[in-house]
Amino acid sequence: MIYLSDSHKPIRYLISAFQGNRLHHAFLFTGIEGVGRFNAAIQFSMVCNCENRSDLTEPCLECPTCRRIYTNQHPDMIRIQPEGTSIKISQIRNLRKKLSYKPVDADTRFVFVIKANLMTIESANALLKILEEPPDCTVFILIVENQNDVLQTISSRCQQIRFSPCEETTIVADLLKTNDINPDTARLIAGLSFGSFIRASLYLKKKWMTKRSYILSRLEKLDQMSSGFRLCFAEQLSKKKDDIPVILDIIMSWFRDILIYRYCPERIINKDYQQSIYDHAVKYSREAVIQKIEQIQIVQKDVAANLNIRLALDQLILLQL
Ligand SMILES: [Zn+2]
């Protein structure tokens, strides 16, 4: 089932453009992972092709076309995503070949480029050529976190649709509705999710709450740790590459809390570590904490771009935090 949330508001704009027959041919869906960019793209492609179009604002989800799109079995809804660590030139060449034919049976064909920031330079330039002379009846949706994650020559040909992080209250309400957890836990998970439903669902698993406790217990004592212990800690964290974005979010939540404690103590995320956060807030200067946060953000960007992840995490924990 497609998960709809407030973050799907941007597609109402797209639907009205579609109804008014003034739909642009290429879009850049921007926003953090887990705010519904891909689901919104799929939903929009359904609205444009649904066989029961009496209500054009939402797809029926029941007609054969909606079902084929949802199950990724529709030949005219083309998904391009990284193979390994990047989107390769051969994938874009195959796309170009497919687009040289008319759509098989869709009124509006869609091309979804997932994690478009992972296109190689060759792939990006090949896609740019397609966007410069787009085929008829075809809409391109490139999914990235930020507008500058793709070449400027590509972003300038796309209309940007921004997806804001979900409201914390929305995530709390959803967690309470769909899980047997207490309001304090729901608020903690919503805070840690930074507005992403995908992140929130991760913290429902015991593994992540245990890992969070481990990370925070180390961060509490990080300034007393020797270089050897710091390196050991970094090694522990970088064991599973796929876990690193969430680990960085947990580290970020810690320093964010230390930063905001002096201004809004009631807004900290890790309320169960309140005393320790207070101790650190009085120990570090505001500038020092901001510097650490900026270093974490740099590593987050490297991780998103698949750059030197292990090295970046080692350096962060050994030298910057
Ligand atoms: Zn339908």
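A total of 12 salt bridges was counted, a salt bridge being a side-chain nitrogen of Lys or Arg within 4 Å of a carboxyl oxygen of Asp or Glu. The structure is a predicted model, in which local features need pLDDT of at least 70 and side-chain atom pairs count only at pLDDT 80 or more, while totals for chains, interfaces and linings use all residues. Residues are numbered from 1 along each chain as its sequence is written, and side-chain values use heavy atoms, with hydrogens and water left out.

Side chains of opposite charge can pair when their charged atoms come close. Helices are DSSP runs (H or I, at least four residues), as strands are (E, at least two), numbered from the N terminus. Asp-243 is buried at 8% relative accessibility, whereas Lys-211 is partly exposed at 23%; buried means under 20% relative accessible area, exposed over 50%, and partly exposed in between (1.4 Å probe, protein chains only).

A second salt bridge joins Glu-235 and Arg-310, with the closest N and O atoms 4.0 Å apart. Because Glu-235 lies in helix α11 and Arg-310 in helix α15 (residues 309-320), this pair ties together parts that are 75 residues apart in sequence. Glu-235 is partly exposed, with 39% relative accessibility, and Arg-310 is partly exposed, with a relative accessible area of 42%. Arg-286 forms a salt bridge with Glu-287, their closest N and O atoms being 3.5 Å apart; Arg-286 is partly exposed at 37% relative accessibility.

The chain is divided into domain 1 (6-162) and domain 2 (205-320), with bounds that come from an automatic or database domain assignment. The C-alpha centres of domain 1 and domain 2 are 35 Å apart.

The largest nonpolar core has 81 residues, of which Phe-29, Ile-141, Leu-219, Ile-251 and Phe-255 touch the most other members. A nonpolar core is a set of buried Ala, Val, Leu, Ile, Met, Phe, Trp, Tyr and Cys residues joined through side-chain atoms within 4.5 Å. Helix α12 (residues 244-261) gives the most to this core, contributing 13 residues. At least three residues of this core come from each of domain 1 and domain 2. Another core, of 24 residues, lies apart from it and includes Ile-78, Ile-80, Met-119 and Leu-131. Leaving aside neighbours within four places in sequence, Phe-29 is in contact (heavy atoms within 4.5 Å) with residues including Leu-14, Arg-37, Ile-141, Val-144 and Phe-163.

The zinc ion has as its protein donors the SG atoms of Cys-50, Cys-60, Cys-63 and Cys-66, at 2.3 to 2.4 Å. Donors are N, O and S atoms within 2.8 Å of the metal (3.2 Å for Na, K and Ca); water is not among the atoms, so sites may look incomplete. Along the chain, the zinc donors follow the spacing C-x9-C-x2-C-x2-C. The site is tetrahedral, with angles of 100 to 121° among its 4 donor atoms. Four donors count as tetrahedral if all angles lie between 85 and 135 degrees. Cys-63 is buried at 4% relative accessibility, and Cys-66 is buried with a relative accessible area of 1%.

Notes
Tetrahedral: all angles 85-135°; square planar, octahedral: opposite > 155°, others 65-115°.
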